[in-house]
Amino acid sequence: MISIIRDGRCESLIPTCTALKGVADLPTAGMTHTLVHDYNGADWHRYIFWLKGEFTLVADRLEALQPGEFTFLGNWKTLAEGEQSLLDGRVFKTSRAAAGGTGSRGLVTVTDPQEGVAKAVRFTDAYSRLDTAVELPAGRYAITTYATGTSTGSDSLFLAVDGGERVSLHTPIGVFGPSSSTPEKDTPTPNVTIAGDGMHILSFTLREGPGIMLDRFTIQSADGTLVAEVQAEEAPPVPEGQVDEAGSSDFYVKNDGFAANVLASRINHVSRKITYLRQRFGGRMQAGEAATLFNIFYADNSRQPKGYGIRRLSDTEALILKDDTPYMVVGIGSGLDEANVPGAQMLATSREKYYVMGVTAAGDQLQADGQIALEVDIAGGHASISASPQTAVRQAGAAVDMSSGVATVNLSKWEHITALNAAMAPHFDQLLTEVLAAPETTRAGIGAPARMQPLWSHDVKLDATEEDLPIFTMLPTDLDGDGEEEVIVLRGAAAVCLDAAGRQLWRYQTGGQNRTVASADLDGDGTPDVLVGSDDEHIYVLNAAGEEQRRFHCDFPLRVGTSSVRDPKVGNIAIGDMDGDGAPEIVACMLNGNLVQFSTDFAVQWRYDRIPHGSRELELIDLDRDGQLEVLVANKYGAVQVFNCKGESRPGVYSELGDVEMAVGNMDEDDDYEIANGSATGTFNVGQWGGSTEFSFHNYGFAVRELIMADVAGATADELLVASETGYVYVLGAGGEVIAQLDLGEVVTDLGLLPRDGAKPLVAAGLADGRVYTLDGALQPVAEWKADGEVSMVAALRTAQGVKLLAVAHDSVVCLAP
């Protein structure tokens, strides 16, 4: 997908129809040309060349229809699985362990997975395997595994002896037990035959999906004698000389270097981590000017690498390399070679083959009354034609049978092919000298006059068995009443509390990923309590020292059709005096759509079970100024929902289906609050509470990452700060007018405010490429800093030495002097 930003905005929806300008399905290649016309002031042409079984080249060419400052953003996304990296600033590589080979891999030892089972080995990935060596004489044996599956899609293993035929071992679900030879699990474990005396390799691999856990396996002889019992985590390894590494399965996206490439990540609404390759290119353009980006995609194996690469020869030509040697030239656009192939939309030439799409003639050899595509063997002249069966094609005056959409002809007399055959070798040998050097990817106009200095950094560790999830959220809060804030950080199942100097004060472990943390004095003893919400469906109440006081199981059922998440994982918690009686209440929203208000002893006061897909944000505010708080929920389906302290629904603000970011404030100095609702789709509305929409500020296709209403630039009313995936930060006034905007050149992941004595607060901005800025209210840079990876969060930390800036990069919290 290419998204187009013009003069800082993407106010136009992508057109609903795409024109198919050309298509070809040839014996060894496929080709397409599509056009999205007049998308935010530009035409978007996409050309695809697919060399079957080898690679796919994608060329995106953007032609300006009117003058402007254009940013073109290519966005490719994959599941964040395996090892992923960006090499040389232009090569995105994903590596996953390949199947096959010999030697255990993809296993994690789990402690106390079930009562009576001290340890078990979990098969965590599709390539997971347990290979072990056992000494056995020849004979017939029953090999029984004691394992448990997670579902009917993960309740079986394969067993192979010495790389031979695999047999199926079906295991119980949810409880450790013996294997069976059938899916119904009503028969004994299968038997296997050992061919000779000596050392043998037993290989246990996945038959279905990962997740199965293996406690142990037993080997019994034909007469029922127990020959061996082996604990999975202690299984003897394969002798070193017999280990056969499987290598890796690799996937590459390589581009020509004419874009700024950045990897970013995001966790979607069902907790799957997604990796984005973002490619920014463009600049100031006049009507009629164009910009092009070339990418090549291919799957590879480390044992037999294909070694493809890509370089630019011109704005319309790319050179494909194989093992650093010129392999193919691909050209795109109109007017490629009108003399020989009129109408050509795409050409590709290797040392052996010539491909062309969209032509109506091949010199004096072929004529057609519509578009055709050709694949020509350069040495022999044999050619395949691809065209619609309705297209009339003639060779030397005779009709070519196109009734099947394909035909074969002899073009050995075509002078163009004869000339190509003669020139091919010397032409390819000198192509590397014609490669254009990629420009330096600079970002003008965003240098800051000062550089922030790190005061401390703290890495939040995970348990060895946990998935490598990033820090999910953090909460600066004063737990001990000394005027300095501590910071509570959630990563995986851990809640970690750091003091203002970055020292760990305590760590608390729950039974699942922690998503939310709040702090308030629940019992009126003058000391704050800490509430942590987890995927294990519990809310934990800790004291200021991190000691558990109690826990509550949020066992609230899914209302069918409300959420894609069935379990009541705790998404957000807020604490406040809802009814104005002087005692706090707890409000929590689950990912399965339940919104619940509790007393401090977790008595349910009311429950609402129709929050679509759960909440992203939760705030308590007295919107009508009656002394009682309203609940504002930013859901994952386009709405900010509002409820009073009795759980009764009140008017909210809607944008469009998608995850919602919200902000609340008073932008126009009347008595009514404004509520901002920014959707992940880029639709963005601001409405007066209880009234109508006051303005919209759409950037279609670009999610709003953070919203803040605060007085940062004007006299007394709040402005609206917007962090956008466009790469811009915006400051908006009461009517939606842009007071200031700044192009930071990469996704702005978060915003924060840094209070200042006697002055308006500074704005802190974190970026997907690791940059952090402090900005004034006019969005002029004050200071900057750069992390090694994406900065996902920023926040102010009040210390005895003044306000500091916290920045989160994956597993680390860094404290900066702003």
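Colleague: What makes E11-E17-E13-E14 an open sheet?

Modeller: Keep in mind that this is a predicted model. The 4 strands line up in that order with antiparallel pairing. At the edges sit strand E11 (129-136) and strand E14 (167-170), and each of them pairs on one side only. From one strand to the next, the twist averages 30°.

Colleague: How do you know that strand E13 and strand E17 pair?

Modeller: Two strands count as paired if there are at least two bridges between them. Strand E13 (residues 156-161) and strand E17 (residues 198-206) share 5 bridges, in the antiparallel sense, so they pass that cut-off. For an example, look at Leu159, whose bridge partner in E17 is Phe204.

Colleague: Why is Leu657 called partly exposed?

Modeller: Its relative accessible area is 42%. Buried means under 20% and exposed means over 50%, so Leu657 falls in between and is called partly exposed. You'll find Leu657 in the loop between strand E51 (649-654) and strand E52 (660-665).

Colleague: What makes the nonpolar surface patch there?

Modeller: Tyr637, Tyr654 and Leu657 make the patch, which is about 310 Å². A patch residue needs over 30% relative accessible area, and Leu657 has 42%, so Leu657 clears that cut-off.

Colleague: And which domains is the protein divided into?

Modeller: Domain 1 (1-95 + 251-331), domain 2 (107-242) and domain 3 (334-439). The centres of domain 2 and domain 3 are 57 Å apart, taken over C-alpha atoms.

Notes:
Residues are numbered from 1 along each chain as its sequence is written. This is a predicted model: local features need pLDDT of at least 70, side-chain atom pairs count only at pLDDT 80 or more; totals for chains, interfaces and linings use all residues. Side-chain values use heavy atoms; hydrogens and water are left out. Domain bounds come from an automatic or database domain assignment. Patches are made of residues with over 30% relative accessible area and no salt bridge: like charges are joined within 9 Å, nonpolar side chains (Val, Leu, Ile, Met, Phe, Trp, Tyr) within 5 Å. Accessible areas come from the Shrake-Rupley method with a 1.4 Å probe; for residues, only the protein chains shown count as cover. A salt bridge is a side-chain nitrogen of Lys or Arg within 4 Å of a carboxyl oxygen of Asp or Glu. Helices (H or I, at least four residues) and strands (E, at least two) are DSSP runs, numbered from the N terminus. Buried means under 20% relative accessible area, exposed over 50%, partly exposed in between (1.4 Å probe, protein chains only). Axes are lines fitted to C-alpha atoms, for helices over the stretch in contact, and angles run from 0 to 180 degrees between N-to-C directions.
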